[in-house]
Amino acid sequence: MSSLLDKARLMMNIHCLGRNLVTASSSLHHVQLPGQKEAHFWYVLPDEIKDTNLLNQYFEILSPSEKENVFRMSGEQLKKRAILARALVRTTLARYQTNCQIDPKALRFKKNSYGKPEVDWQYTEDWSLPQLHFNLSHTSSLIACGVTVGSPIGIDVEEKQRRLKNDVLAFARRYFSPDEIEMLTQIADPELRRLELIKLWTLKEAYVKAVGKGFSNSPFNTFTVRLGHRTKTGIHLRPRVMSKAQEITVEPPDESKNVSGNWQFVLLELDGSHYAAICIEQESTNRGKGSIPVNLKLRKTIPFVEDECILGTEKAVVISGLTTLLECE
């Protein structure tokens, strides 16, 4: 009986084929679905959101279990970031339902066998909703959500000023592959070495999350992230809107699996303060035909308030990876 009631409640929250949006999503700007070889990257800066009424609005679109998780947290800032993270996922995914407009509160989630969250469309099959993939990452000062259609995605964001308790090389020897350790060893400047380690960590985290198996099933020291023409100076490139110079690849321990040819990466610097990595699976029809740049749309957002397209500004610098930053509609 309860499952039928849950289904009925969910259906009441869905308004299809041109009907009015529910109140909670009325101020969300709807966007076109990502195309082939396209990823959308949305991010929010927690320090910019100080309106208590807005935070309460975000809290109200969370599920009962999400609210309970927030209540269990200690510290107002930690609770705030948890609310923003879940609200960002819900409001972002709700924007893409072009034929069936969905209240962000009505979205349900499930986890795969390794614990990676996915959208649960089990009650909405009749509306042929798109196969949306998403991934979430956050630091204390930036929260991001990546979205694709039909292609797994993993993202990671890290603060550039992140400090390590241990020596950089000692940390690398614990988590990184021999080739990555060798690259870091060749960098004499301690600060540059620290930044290169953070970039590598960000890329490796994005890959593990895209594969969807988690750190325990894909330990960082079992695969190598590599650029096509890596030099001793590391992986930093000058700012550009389109990056063509260096492709980022991943080499798994068993090369016979050919995993390295199935994934594409983009590495960015955001707002001069964060690194962001995006990893998506290459379309099977494109494998063996050479690499095609990933089309990327970046948006800085305050859900229900404003969205800003980030294109060719100091707010977004492409460090490496084959990508083109696109205008937002």
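The structure is a predicted model, in which local features need pLDDT of at least 70, side-chain atom pairs count only at pLDDT 80 or more, and totals for chains, interfaces and linings use all residues. Residues are numbered from 1 along each chain as its sequence is written, and side-chain values use heavy atoms, with hydrogens and water left out.

The protein contains 7 helices and 17 strands; helices (H or I, at least four residues) and strands (E, at least two) are DSSP runs, numbered from the N terminus. Of the 329 residues in the protein, 50% are buried. Buried here means under 20% relative accessible area, exposed means over 50%, and partly exposed lies in between, with a 1.4 Å probe and protein chains only. Contact means heavy atoms within 4.5 Å. Among contacts between residues at least 6 apart in sequence, 68% join residues at least 24 apart.

A nonpolar core is a set of buried Ala, Val, Leu, Ile, Met, Phe, Trp, Tyr and Cys residues joined through side-chain atoms within 4.5 Å. The largest such core has 35 residues, and those with the most contacts inside it are Ile49, Tyr58, Leu93, Phe134, Ile143, Cys145 and Val147. At least two residues of this core are supplied by each of strand E2 (38-44), helix H2 (52-60), helix H4 (76-94), strand E6 (132-138) and strand E7 (143-149). H4 provides the largest share, 9 residues. A second, separate core of 33 residues includes Val208, Ile248, Val250 and Phe265. Within the largest core, Ile143 is one of the residues with the most contacts. When neighbours within four places in sequence are left aside, the residues in contact with Ile143 include Trp42, Tyr43, Val44 and Pro46, together with Arg81, Leu84, Ala85 and Leu88, and also Leu136, Ser137 and His138.

Two packed helices are described by the angle between their axes and the distance between the axes. Axes are lines fitted to C-alpha atoms, for helices over the stretch in contact, and angles run from 0 to 180 degrees between N-to-C directions. Angles under 35 degrees count as roughly parallel, over 145 as roughly antiparallel, 65 to 115 as roughly perpendicular and the rest as oblique. A crossing is left-handed if the near helix is turned anticlockwise from the far one by less than a right angle, and right-handed if clockwise. For residue classes, Ala, Val, Leu, Ile, Met, Phe, Trp, Tyr, Cys and Pro count as nonpolar, Asp, Glu, Lys and Arg as charged, and the others, Gly among them, as polar.

Helix H3 (residues 64-72) packs against H4 at an angle of about 160 degrees, with the axes 9 Å apart. H3 and H4 are therefore roughly antiparallel, and their crossing is right-handed. Glu66, Val70 and Phe71 of H3 meet Lys79, Ala82, Ile83, Arg86 and Arg90 of H4 in this contact. The contact comprises 4 nonpolar, no polar and 4 charged residues.

Helix H5 (residues 168-175) and helix H6 (residues 178-185) pack at about 170 degrees, with their axes 9 Å apart. This pair is therefore roughly antiparallel, and the crossing of H5 and H6 is right-handed. Leu169, Ala172 and Arg173 of H5 make the contact with Ile181, Leu184 and Thr185 of H6. These residues divide into 4 nonpolar, 1 polar and 1 charged.

H5 also packs with helix H7 (residues 190-211), the axes coming within 10 Å and crossing at roughly 25 degrees. H5 is therefore roughly parallel to H7, and the crossing is left-handed. On the H5 side, the contact is made by Val168, Leu169, Phe171, Ala172 and Tyr175, and on the H7 side by Arg193, Arg194, Leu197, Trp201 and Lys204. By class, this contact has 7 nonpolar, no polar and 3 charged residues.

Several loop residues were also examined. Lys37 lies in the loop between strand E1 (14-16) and E2. Although not a glycine, Lys37 has a positive phi of about 60 degrees; the residue is buried, with a relative accessible area of 7%. Asp271, in the loop between strand E12 (263-270) and strand E13 (274-281), likewise is not a glycine and has a positive phi of about 55 degrees. Asp271 is partly exposed, with a relative accessible area of 28%. Ala106 is placed in the loop between strand E3 (100-102) and strand E4 (109-111) and is buried, with a relative accessible area of 8%. Ala106 and Leu62 are 44 residues apart in sequence and 9.0 Å apart in space, C-alpha to C-alpha.
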